[in-house]
Amino acid sequence: MIQAPVTPILGRGGVIFLVLLLAVAILVPVLNLFATPGSALHVPDYMVTLIGKYLCYALLALAVDLVWGFCGILSLGHGAFFALGGYAMGMYLMRQIGSRGVYGNPELPDFMVFLNWKELPWYWQGFEYFPFALLMVFLVPGALAFVFGWLAFRSRVTGVYLSIITQAMTFALLLAFFRNDMGFGGNNGLTDFKDILGFPVQASTTRAVLYFCSALALGGCFILARRIVSSKLGLVLVSIRDAESRTRFLGYRVEHYKLFVFTVSAMMAGLAGALYVPQVGIINPSEFSPENSIETVIWTAFGGRGTLWGAALGAIVVNAAKSWFTGLLPDAWLFILGGLFIVVTLFMPKGLAGIFSGWRWAPRPPVTEAAKVSTQAAE
Amino acid sequence: MRSLAAILMLLLMTCGVWASDAAQLINALAPGDFKERETAISALAASGAEEAAPVLQALSGGNLYVRKSDGKVFIAETRGDALALTDPVGMAAAGEGAKADIEKIKINNNLRRLISNALGGLTMVSTDPAARRKAALSVLKSGDPAALPSLEKAISDEKDAGLAALMKQAAAAATLRSDRSDAEKMAAIGVLKERTDRDTAALLTAFAATTDSGLKDAATAAAQSIESTLARWAAVQNVWYGLSLSSVLLLAAIGLAITFGVMGVINMAHGEMVMLGAYTTYVVQGMVAQHAPGLLPYALLLAVPAAFLVSGSVGVALERCVIRFLYGRPLETLLATWGVSLVLQQAVRSIFGPTNKEVTTPAWMSGSVDVGGVLSLTMNRIVILAFALAVFAGLMMLMKASTAGLQMRAVTQNRPMANAMGIRSNWVDALTFGLGSGIAGLAGVALSQIDNVSPNLGQSYIIDSFLVVVFGGVGNLWGTLAGAVTLGVANKFLEPFAGAVLGKILILIAVILFIQKRPRGLFALKGRWVEA
Amino acid sequence: MIALEKPQFAETLLFLEDVTVTFDGFRALNKLGLDVGRGEMRAIIGPNGAGKTTMMDVITGKTRPDEGRVLFGDIDLTRLDEAAIANLGIGRKFQKPTVFENHSVWTNLELALKANRSPWASLRWVLGGEARDKIAATLERINLLPAFASLAGDLSHGQKQWLEIGMLLMQEPELLLVDEPVAGMTDAETEKTAHLLRNIAETRSVVVVEHDMEFVRALNVRVTVLHEGSVLAEGNLDAVQNNQKVIDVYLGR
Ligand SMILES: Nc1ncnc2c1ncn2[C@@H]1O[C@H](COP(=O)(O)OP(=O)(O)O)[C@@H](O)[C@H]1O
Ligand SMILES: [Mg+2]
């Protein structure tokens with residue numbers, strides 16, 4: 001009896017990734033809180049926040065990889081979902097400021113007082129409750145992705161057309177959020193946060209916890225994404241990526257599959273944004289800029305698409321390099337980033353992951369002798 | 001107060017008492033309180049003396065002084081600790097005076113207004129037609145009845161028919177506010193009705209509110225007729241603004257229609273080709289200014305071929321070094337060319353600096369053309385519109401009628417067949433891409449005239465250009481034209497209602513929805529190869 | 001050889017009536033009528049551009065006809081999309097072999113296996129013993145058992161064609177549309193394919209489009225000749241080959 005091939009949920013790369021992630025998730029906060037400041041082992045506060053930020057980017061890249069690497073949907077608008085999640089969290093944080101704002105209005109955020117608004121707009125209602133805000137972190141990006149995807153996939157917009165309209169989508173949101181009368185703080189966005197769930201956002205312990213949550217979210221979403229792509233649903237996604245109409249003629253409703261994975265991915269991006277905002281302390285419309293979304297795509301490509309952990313790794317490496325270079329040679333960074341886009345697409349189609357693990361699109365058992373024999377037999 | 005001055009002026013004029021001694025009139029400005037000064041100003045203005053205008057100007061500018069010792073009035077300006085004096089009569093320098101010996105002649109707002117009206121009256125008879133026009137317009141706006149007498153005199157002297165008509169309208173505006181007879185006012189309403197501007201309509205409405213007689217209805221009707229004419233013109237103006245925007249969109253998108261539409265290469269660095277064209281214009285202008293300043297007005301014409309060559313060769317290089325390895329992989333092409341765009345931007349930033357560069361507008365492109373007295377079409381926009389159409393027509397001809405165009409279409413439609421027929425498709429690819437990029441460079445020349453020449457110039461056009469091409473229908477130049485016009489005009493028609501930003505958002509959403517409905521655009525080509 | 005002059009099938013499974021498709025004014029199908037019985041195997045021949053592939057596009061929902069009806073049993077297919085039509089029990093093999101190259105042969109069959117096609121069901125799918133047996137049996141039938149773990153992309157051209165036919169079998173369709181299955185095959189492979197198709201036709205209806213006359217002869221079924229989007233002749237192969245109109249179309253130009 002033959003043994004049916006099964007796709008392992010995590011795979012070797014996945015396990016290594018999770019172990020490393022766990023190590024970093026624990027070590028960094030521990031060394032930050034418990035090592036003596038100044039000692040070689042001590043991780044300074046800013047480092048915790050910085051790495052926490054990278055982890056959020058990694059989660060965003062993971063979300064992009066889920067749709068691009070496995071389903072061939074090149075979204076140039078994932079930054080929008082990230083930013084929407086961030087705004088949802090930012091709104092919660094704004095409400096927590098209460099009367100500690102410059103104008104001391106217990107109800108209205110400062111920018112609304114400044115604009116002479118008299119009462120809280122309806123869409124700000126409820127954001128003072130953390131569970132509600134958390135729900136919105138998933139729901140708002142998810143709903144946008146759902147509606148947008150429903151329209152786009154149903155009318156079979158694919159390839160670069162889809163990429164361009166996702167880019168137009170985030171561009172439209174960018175313009176919208178710049179407007180003061182949208183009620184999201186216009187140009188300046190939301191900032192000056194005081195505390196989250198009663199803990200001051202600036203405190204080292206809060207930061208350490210936020211950091212840990214980011215790592216946890218990344219790990220959790222990684223496992224969830226692996227679960228999806230290693231199931232039959234994941235196999236269908238790859239089928240859609242490689243031969244969309246064949247998949248259709250097998251009876252699969254391609255648009256439903258795309259919609260499912262696009263929405264899940266958008267929610268992951270939203271979560272990433274929500275974790276990002278309390279750590280960096282601000283969310284403004286520039287997060288919607290199309291450049292951000294495209295950059296995310298290159299993290300994914302650089303890390304190696306279609307592996308999930310490669311995308312996360314790519315996000316961390318590229319952003320670490322960015323921090324390093326912008327400090328050292330600010331002018332050189334755009335050359336490097338631009339070069340990265342070119343080099344990766346031309347010479348590194350499999351990305352870093354390809355270097356690490358003899359990378360493949362899918363588990364690829366070697367062509368057996370038997371297969372060759374059977375070919376000959378047929379002739 | 002003002003009517004007093006007017007009466008006085010009238011009196012002086014009707015009696016034909018022309019003050020012969022200008023100096024005396026000028027010196028009369030100094031003594032006494034504001035009320036007396038008012039009379040003196042009116043008298044000076046009414047004298048029609050040639051010194052009147054400069055003296056009154058100096059007075060309102062705070063440059064008119066009086067010498068304490070003899071009460072003689074001078075125009076003066078500070079020079080070190082002292083004042084340099086000019087004798088208003090004859091405008092001759094009159095040495096210097098110590099500050100202690102000389103006192104400034106003070107005025108208040110009331111007098112300032114009087115002076116400006118009086119100056120209006122004076123410039124009405126100025127020898128410079130432009131000054132007369134300005135004066136008439138100022139009265140038209142203020143409707144100040146004090147200007148009426150000088151206006152009426154000016155009308156009778158005026159040789160230029162157009163100016164005379166304008167002055168008559170100004171007089172009519174002043175009549176409405178004056179205490180003249182209803183018949184005269186009725187005639188004035190008739191005159192004013194011919195005008196089409198918001199100010200006149202407001203003037204008429206305001207007038208209607210002050211009377212109850214039959215004039216009220218006439219004025220209201222006239223105001224309404226002006227308003228409706230204005231609304232019609234506003235629509236025309238929107239169309240013009242829309243067309244103007246369309247021409248910019250067309251220029252930016254037309255190169256893309258070649259590279260993306262015809263070749264299927266998605267070039268995210270297209271905006272940077274435009275940007276390079278703009279910088280080429282800047283460099284060419286700089287070189288011309290240095291080496292052949294006489295040719296400066298034509299530097300822009302020189303920049304046209306230069307920009308085409310610069311952007312075109314960068315395009316060819318890009319095709320040979322990057323894009324040709326990525327044919328058939330559109331998503332990768334998108335990413336790689338995005339990288340190229342970042343590199344180009346940063347390169348330009350490193351070479352030219354991050355700040356905006358000044359590109360001068362030659363005289364033949366500045367100024368504006370008036371249409372219907374309401375609409376003013378700026379010259380640079382007109383030139384750009386013409387340029388865009390010329391580029392479009394040229395490209396059309398190239399594609400349709402030349403061997404190069406034939407080969408391009410052959411290669412893009414059936415590569416193996418074209419190869420078999422001996423067309424070197426590699427070179428056709430490179431040159432087609434170069435052509436698209438070169439046209440982007442041309443767009444850059446035009447855009448340098450209306451936008452900031454900065455490293456980010458291209459970024460602001462890239463999404464718009466893609467929308468135009470996709471909306472118009474990929475692979476169809478006429479579609480691109482239609483797309484540019486539709487989006488441009490729609491944008492400008494939405495703006496008044498929705499505001500610029502919201503208008504743009506609405507357009508974006510509309511296009512997104514449209515692409516859902518017709519994924520292949522307005523002028524979609526049907527056929528199997530499209531789906532490949 | 002038994003001549004099949006008249007359809008002997010009691011029940012019509014697929015019925016096309018006056019189907020017209022135009023592309024930019026060009027009539028790819030012109031009032032096409034076709035009638036395939038339940039359990040029948042039908043060969044369709046015709047010169048290039050006759051509209052054979054377009055006909056399959058219409059039946060499977062890829063192309064909407066401008067006019068006409070396409071009935072499957074008594075369901076009008078022109079209103080349904082590809083997935084719905086596939087789920088009704090119509091399988092299609094493309095002219096160019098299309099399999100999922102990045103999946104193993106096994107996975108290709110597993111994906112084709114008749115099952116609930118919703119994303120949610122796919123997410124929770126576990127391969128049961130029965131399904132395993134079905135896949136193994138099909139592997140056997142299409143001669144790919146030894147290569148079950150290979151990537152489909154690594155198969156030879158002929159093997160890919162078989163794999164695609166195998167995928168159709170996994171769908172358990174009532175009607176199978178096969179577009180040029182032996183194009184590019186060796187003689188031995190062709191013979192084997194003919195055998196396979198005849199075998200399949202025992203339990204379901206099959207429509208085969210093919211150019212290869214030897215192959216059509218080997219199938220030994222009723223033949224429909226398409227020309228310029230409509231039916232030119234119908235009957236057994238010999239009768240059709242002696243038909244003057246057919247000779248004109250094939251040789252006369
Ligand atoms: N999507 C399409 N767009 C334009 N023409 C098409 C399209 N599909 C088919 N055709 C044309 O319809 C005719 C029939 O094509 P096809 O059905 O593929 O023929 P066959 O399969 O019999 O060789 C051909 O002339 C082909 O060019
Ligand atoms: Mg065919």
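Phe81(A) is buried in this predicted model, with a relative accessibility of 0%. Over all chains, the structure holds 29 aromatic pairs.

The rings of Phe260(B) and Phe466(B) sit with their centres 5.5 Å apart and their planes at 80°, which makes the pair edge-to-face. Here helix H11 (residues 214–262) supplies Phe260(B), while helix H19 (residues 459–472) supplies Phe466(B), 206 residues apart. Both of these residues are buried.

Back in chain A, aromatic side chains also gather in a cluster, whose members include Tyr87(A), Trp122(A), Trp124(A) and Phe288(A). Charges meet rings in both chains: the charged end of Arg305(A) sits over the ring of Trp68(A), 4.3 Å from its centre, and Arg320(B) lies over the face of Trp427(B), 5.7 Å from the ring centre.

Chain C brings in a metal. The magnesium ion (ligand 2) is coordinated by OG1 of Thr53(C) and OE1 of Gln95(C), at 2.0 to 2.4 Å. Thr53(C) lies in helix H1 (residues 52–59) and Gln95(C) in the loop between strand E6 (90–93) and helix H3 (105–112), so the pair ties together parts of chain C that are 42 residues apart in sequence. Gln95(C) is partly exposed, with a relative accessible area of 36%.

Methods. Residues numbered from 1 in each chain as written. Chains lettered and ligands numbered in written order. Predicted model: local features only at pLDDT ≥ 70, side-chain atom pairs only at ≥ 80, totals over all residues. Heavy atoms only, no water. Donors = N, O, S within 2.8 Å, 3.2 Å for Na, K, Ca; no water. Helix = DSSP H or I, 4+ residues; strand = E, 2+ residues; numbered from the N terminus. Buried < 20%, exposed > 50% of the residue type's maximum accessible area, 1.4 Å probe, protein only. Phe/Tyr/Trp six-rings, centres within 6.5 Å; stacked < 30°, edge-to-face > 60°. Lys NZ or Arg CZ within 6 Å of the ring centre and 35° of its normal.
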